[in-house]
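Please view the sequence and the structure alongside the text.

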Amino acid sequence: MKKLLIQLDVDRHPSAFDRIVALDAGADHVLSYGGVTAGDVTALIHGAIFTRGPGDSRHTAAWVGGTDVVAAEALAEAVQKAFFGPFRVSVMMDANGCNTTAAAAVARLASVATLGGARAVVLGGTGPVGVRAAALLAREGAALTLCSRSLERARTAGERLRARFGVDVSPCEAWDEDGVRRALEGADVCLTAGAAGIQFLPRAVWAPHPSLKALADVNAVPPLGIGGIEAGDKGAERDGKRVFGALGIGSLKMKVHRACLAQLFERNDAVIDLERIYDVARAS
Ligand SMILES: NC(=O)c1ccc[n+]([C@@H]2O[C@H](COP(=O)([O-])OP(=O)(O)OC[C@H]3O[C@@H](n4cnc5c(N)ncnc54)[C@H](OP(=O)(O)O)[C@@H]3O)[C@@H](O)[C@H]2O)c1
């Protein structure tokens, strides 16, 4: 029986990236729907769950994506609500790569630093990647400081983290070099998760830092989020710290994306969310 992936994307044009990865990861066909709203989901999911019967439904799966992560979260919720009893298919949400990127970044840091009991700082942390990475770092036992240019936005992100992941983080305002220096006092680990093409952490701050042990950056667009590193750094040692650039993280992200996609077709009731994606990243 053919493996069919129902791609539900909030963007007008469903992501070609997501579709190609799905085909590379073993889906035989991807049925792509763009501009999907939560109100469209039930009919589309009924098409998936009523066609093949519970015994064969593991050969059908759903994917939720798109650049608007908040809208995609609403779609993912609507997908779950459309299932009932045995009438369900496995589903994964990775809008704009937010879950796989956060999972890969934290797994890379965990491979070179002990996160339990560490002090971790996420700079530019209020976006979809930063919030999810903060959740994973906190769940690993790090004392987490989440930074934004605005204390209010950092607090709001912290409230979302508590509500969704049950973790506590310290919100922090850091919008210039002095603010970043203060945020990093006593830090062991730092992730820059800010918008593309913006440097958040200059080399002059991290290179002489007395306690930082590991750094990671998810921005591949110059200038990189961390000054003085290379996008391809994969645990390179620079100034006594282990360093990961966006491409060094991206290679794991792609591996994790494909592995999770393949898992969708192993059963009909998997919900492949941040926590599960992180487990795959740690095991990779
Ligand atoms: N390698 C991959 O596969 C991959 C996949 C997805 C994303 N990414 C990268 O991951 C990073 C995070 O993605 P995202 O979607 O979570 O980011 P985002 O939402 O675009 O930005 C994250 C945060 O950056 C801050 N920011 C925005 N504009 C800024 C500016 N001009 N100056 C300073 N701070 C600014 C904002 O925080 P405040 O307003 O609260 O300060 C924002 O919440 C991006 O660099 C993206 O390119 C990589």
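Leu 5 stands opposite Val 30 in strand E2. The model is predicted: local features need pLDDT of at least 70 and side-chain atom pairs count only at pLDDT 80 or more, whereas totals for chains, interfaces and linings use all residues. Residues are numbered from 1 along each chain as its sequence is written, and side-chain values use heavy atoms, with hydrogens and water left out. Helices (H or I, at least four residues) and strands (E, at least two) are DSSP runs numbered from the N terminus, and two strands pair if DSSP finds at least two bridges between them.

- Strand E1 (residues 4–9) is joined to E2 by five bridges, and the two run parallel.

Burial is described by relative accessible area: buried means under 20%, exposed over 50%, and partly exposed in between (1.4 Å probe, protein chains only).

- Strand E9 (residues 214–217) is covered on both faces, with Ala 214 and Ala 216 buried on one side and Leu 215 and Asp 217 buried on the other.
- Strand E8 (residues 189–192) pairs with E9 in the parallel sense over four bridges, and Leu 191 has Ala 216 as its bridge partner in E9.
- E9 also runs parallel to strand E11 (residues 241–244), to which three bridges join it; here Ala 214 has Arg 242 as its bridge partner.
- Strand E5 (residues 119–123) is largely enclosed by the rest of the structure, because four of its five residues are buried.
- E5 and E6 run parallel and are joined by four bridges, with Thr 145 in E6 as the bridge partner of Val 121.

**Helices**

The expected span of a helix is 1.5 Å times one less than its number of residues.

- Helix H6 (residues 128–139) has twelve residues and reaches 17 Å between its first and last C-alpha atoms, close to the expected 16 Å.
- Ten of the twelve residues of H6 are buried, including Val 129, Arg 132 and Leu 136.
- Gly 141, which follows H6, has a positive phi near 100 degrees.
- The 19 residues of H10 should span 27 Å, and its end C-alpha atoms are 26 Å apart, which agrees.
- The buried residues of H10 include Lys 253, Val 256, His 257 and Cys 260.

**The largest pocket**

A pocket is found on a 1 Å grid over the protein atoms alone, as an open set of points where a 1.4 Å probe fits, with protein on both sides within 12 Å along at least five of seven lines; lining residues have an atom within 4 Å of a point. Grid points are joined across faces, edges and corners, and the volume is the space filled by probe spheres set on the points.

- The largest pocket holds about 840 Å³ of space.
- Its lining has 39 residues, of which Ala 193, Gly 194, Ala 195, Ala 196 and Phe 200 lie nearest its centre.
- Two or more lining residues come from each of H5, H6, strand E6 (143–148), helix H8 (177–183) and helix H10 (246–264).
- H10 gives the largest share of this lining, five residues.

**Individual residues**

Contact means heavy atoms within 4.5 Å. A polar contact is a pair of N or O atoms within 3.5 Å; within protein, one must be able to donate a hydrogen and the other to accept it, and residues adjacent in sequence count only if both atoms are side-chain atoms.

- Thr 100 is found in helix H5 (residues 98–112) and is buried, with a relative accessible area of 0%.
- The side chain of Thr 100 makes a polar contact of 2.6 Å with the side chain of Asp 94.
- Leaving aside neighbours within four places in sequence, the residues in contact with Thr 100 include Met 92, Lys 253 and Ile 277.
- Arg 149 lies in the loop between E6 and helix H7 (151–165) and counts as exposed at 62% relative accessibility.

**Backbone geometry**

Most residues other than glycine have a negative phi, and most peptide bonds are trans.

- A cis peptide bond joins Pro 222 and Pro 223, with omega about -10 degrees.
- Asn 96 has a positive phi, near 55 degrees, and counts as exposed at 51% relative accessibility.
- Asp 239 also has a positive phi, near 50 degrees, and counts as partly exposed at 38% relative accessibility.
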